[in-house]
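Please look over the structure shown here before reading the briefing that follows. The notes are grouped by topic for a reader who is meeting this structure for the first time.

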Amino acid sequence: MFTDGRSRKVVFVAHCLLNQNAISDQTAVYPAAFRDVVDFFLERDVGIVQMPCPELCCLGLDRGDPAGGTREVTVENTRIRAAMADPGPHEMLMRLADLVLLQIREYHKHGFQILGIVGANRSPNCGVDTTSADNQELPGRGLFMEELERRLTARGLSLPMVGLKASDNVPAKLQNLLSGPQS
Ligand code: SF4
């Protein structure tokens, strides 16, 4: 089964790394995408699974406040983090995490190589190494990454996770996914 042209290798990537149009107001760095992320994986025949943007799905493109872009990023991110705890957004966040887990489990069940999860550091949702809280960038996971990790652990699965920023040496950080444990 699946002995066709596909590589049977996938990576799960935060939505905005592939579509900067989804990111919160005044934080997009590129017109469309992190091209070096796309190039890195395509050069290695790795299929790129774009995860949903939790904030767009839970709060809307303006994150529920058209003035959000006027605030300092970590201040606005802290507001976003708090807004995600409201019942409606929280329920949607759980559904999105379930949806991503379902896909991971399908690839895992069929023996595909899942290189890992690529998040966006400083994000209140997709941060891997750092997130935003208390109006600062702090060590820790974003809410969405936390939920994904919780679900993976509950299923006995573990995937390498890497968090990126535009200022990073992106290929060097992604290289870590090639040497990490595979699930
Ligand atoms: S970091 Fe996550 S929540 Fe924030 S814009 Fe990107 S995909 Fe959406």
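Does Arg150 count as buried, partly exposed or exposed, and why? Arg150 counts as partly exposed because it has 13 C-beta neighbours inside 10 Å, whereas a residue needs 20 or more to be buried and 12 or fewer to be exposed. The model is a predicted one, and every value below is computed from it.

**The setting of Arg150**
- Arg150 has its place in helix α6, which is made up of residues 143-154.
- From C-alpha to C-alpha, Arg150 lies 26 Å from Phe41 in space, and the two are 109 residues apart in sequence.

**The surroundings of the ligand**
- The ligand is surrounded by 13 residues, and the closest of them are Cys16, Cys53, Ala120, Ser123 and Cys126.
- Helices α1 (15-18) and α3 (54-59) each supply at least two residues of this shell, and the largest share, three residues, comes from α3.
- Sorted by class, the shell around the ligand holds nine nonpolar residues, three polar residues and one charged residue.

**The parallel sheet**
- Four strands form an open sheet in the order β2-β1-β3-β6, and their pairing is parallel.
- Strands β2 (47-50) and β6 (161-164) stand at the edges with a single partner strand each, so one side of each is left without a neighbour in the sheet.
- From one strand to the next, the twist averages 25 degrees.
- Strand β1, residues 9-13, pairs with β2 in the parallel sense over four bridges, and Val11 has Ile48 as its bridge partner in β2.

**The hairpin of β4 and β5**
- Strands β4 and β5 pair in the antiparallel sense over four bridges, with Ala133 standing opposite Gln136 in β5.
- Two residues lie between the strands of this hairpin, in which Asp134 takes a positive phi near 50 degrees.
- Asn135, found in the loop between β4 and β5 (136-139), also has a positive phi, of about 60 degrees, although it is not a glycine.
- Asn135 counts as partly exposed because 15 C-beta neighbours lie inside 10 Å.

**Another positive phi, at Arg122**
- Most residues other than glycine have a negative phi.
- Arg122 is not a glycine, and yet it has a positive phi of about 85 degrees.
- The loop that holds Arg122 runs between β3 (113-120) and β4 (130-133).
- Is Arg122 buried or exposed? Arg122 counts as buried because it has 22 C-beta neighbours inside 10 Å, and the cut-off for a buried residue is 20 or more.

**The nonpolar core**
- The largest nonpolar core contains 44 residues, and those with the most contacts inside it are Val11, Val13, Ala14, Leu17, Val37 and Val118.
- When its neighbours within four places in sequence are left aside, Val37 is in contact with Val13, Leu17, Val118 and Val170.
- Val11, listed among the core residues with the most contacts, is the residue whose bridge partner in β2 is Ile48.

**Helix α4 and its packing**
- Which residues of helix α4 (residues 73-83) are buried? The buried residues of α4 are Glu76, Asn77, Thr78 and Ile80.
- These buried residues of α4 pack against α3 and β4.

Note on methods:
Residues are numbered from 1 along each chain as its sequence is written. This is a predicted model: local features need pLDDT of at least 70, side-chain atom pairs count only at pLDDT 80 or more; totals for chains, interfaces and linings use all residues. A residue is near a molecule or strand if its C-beta atom, placed from the backbone, lies within 6 Å of it. Ala, Val, Leu, Ile, Met, Phe, Trp, Tyr, Cys and Pro count as nonpolar, Asp, Glu, Lys and Arg as charged, and the others, Gly among them, as polar. Two strands pair if DSSP finds at least two bridges between them. Axes are lines fitted to C-alpha atoms, for helices over the stretch in contact, and angles run from 0 to 180 degrees between N-to-C directions. A nonpolar core is a set of buried Ala, Val, Leu, Ile, Met, Phe, Trp, Tyr and Cys residues joined through C-beta atoms within 7 Å. Two residues are in contact if their C-beta atoms, placed from the backbone, lie within 7 Å.
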